[in-house]
Amino acid sequence: AGAAEDTSIQKVRWVQLSRIENSHKRSVNDLCWLPDLQESNFDGKLGHSADEQTHQFATISSDGFLFLWDERKERNRQDRLRKAAQESGKLSGELPWIPFHRIALTRPDSSGEIAGLRMHMEGKALDPYRLVVSSEDGEFAVVNWSPQEERREAVVLTEFGQPDRENRTPVKSLC
């Protein structure tokens with residue numbers, strides 16, 4: 001008896017589903033809700049949430065990107081949604097759910113991206129853009145993802161794990 005035949009197994013009903021052509025290109029390794037009462041606009045600037053609710057979250061992936069999403073699909077810019085639907089070749093009238101802001105996790109020496117594994121958003125009043133990231137390669141980074149005009153500090157990158165680069169282990173938890 002397969003799972004499809006078992007009536008005791010509850011099936012999920014999708015509310016929103018992203019499309020791979022508009023999302024991460026590798027596995028999503030972590031998801032983190034933005035701190036309470038904070039909300040980002042389309043260019044990444046943080047502000048106070050108008051309804052004092054948390055509707056936005058970030059995802060981090062092995063592809064070297066951090067994406068910001070809004071669970072309120074209708075808040076995405078309609079022009080970007082139409083363009084994403086057009087690019088994917090799916091003009092069914094259903095607009096895709098896409099990230100509203102994308103951040104490359106570029107290494108300080110510009111030698112490529114950090115393959116993100118885990119993240120933690122602190123949301124402290126002094127630096128709400130502070131983000132702690134660990135990589136699949138055993139690196140640990142403290143980054144500032146603020147928009148360029150609000151940038152206050154440089155990226156700090158520290159390596160954990162084995163001193164031998166070939167035997168590094170990933171940092172699997174952040175708190």
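What follows is a short chat about a predicted model, its sheet and its salt bridges.

Me: What kind of model is this?
Reply: A predicted one.

Me: OK. Which strands form the open sheet, and in what order?
Reply: Four strands, in the order β1-β4-β5-β6. The pairing is antiparallel.

Me: Which strands stand at the edges?
Reply: β1, residues 28-33, and β6, residues 101-104. Each has a single partner strand, so one side of each is left without a neighbour in the sheet.

Me: What does the twist average from one strand to the next?
Reply: The twist averages 20°.

Me: Let's look at β5 and β6. How many bridges do they pair over?
Reply: Four bridges, in the antiparallel sense. Strand β5 covers residues 65-70.

Me: What stands opposite L66?
Reply: I103, in β6.

Me: Switching to charges. How many salt bridges does a search of the whole structure find?
Reply: Four. Side chains of opposite charge can pair when their charged atoms come close.

Me: Which residue forms a salt bridge with E39?
Reply: R72 does. Their closest N and O atoms are 2.8 Å apart.

Me: Is R72 buried or exposed?
Reply: Buried. Its relative accessibility is 15%, and the cut-off for buried is under 20%.

Me: And E39, why does that one count as buried?
Reply: Because E39 has a relative accessible area of 13%, and that falls under the 20% cut-off.

Me: What about D70? Which side chain does it meet in a salt bridge?
Reply: R72 again, at 2.8 Å from N to O. Both D70 and R72 are buried.

Me: Moving on. Which side chain meets E139 in a salt bridge?
Reply: R107, at 2.4 Å from N to O.

Me: Where are E139 and R107?
Reply: E139 lies in strand β9, residues 139-144. R107 lies in the loop between β6 and β7, with β7 at 116-121. So the pair ties together parts that are 32 residues apart in sequence.

Me: Are E139 and R107 buried or exposed?
Reply: E139 is buried, and so is R107.

Me: Last one. Which residues do salt bridges that share partners join into one network?
Reply: E39, D70 and R72. R72 pairs with E39 and with D70.

Note on methods: Residues numbered from 1 in each chain as written. Predicted model: local features only at pLDDT ≥ 70, side-chain atom pairs only at ≥ 80, totals over all residues. Heavy atoms only, no water. Pairing = 2+ DSSP bridges. Helix = DSSP H or I, 4+ residues; strand = E, 2+ residues; numbered from the N terminus. Axes fitted to C-alpha atoms, helices over the stretch in contact; angles between N-to-C directions. Buried < 20%, exposed > 50% of the residue type's maximum accessible area, 1.4 Å probe, protein only.
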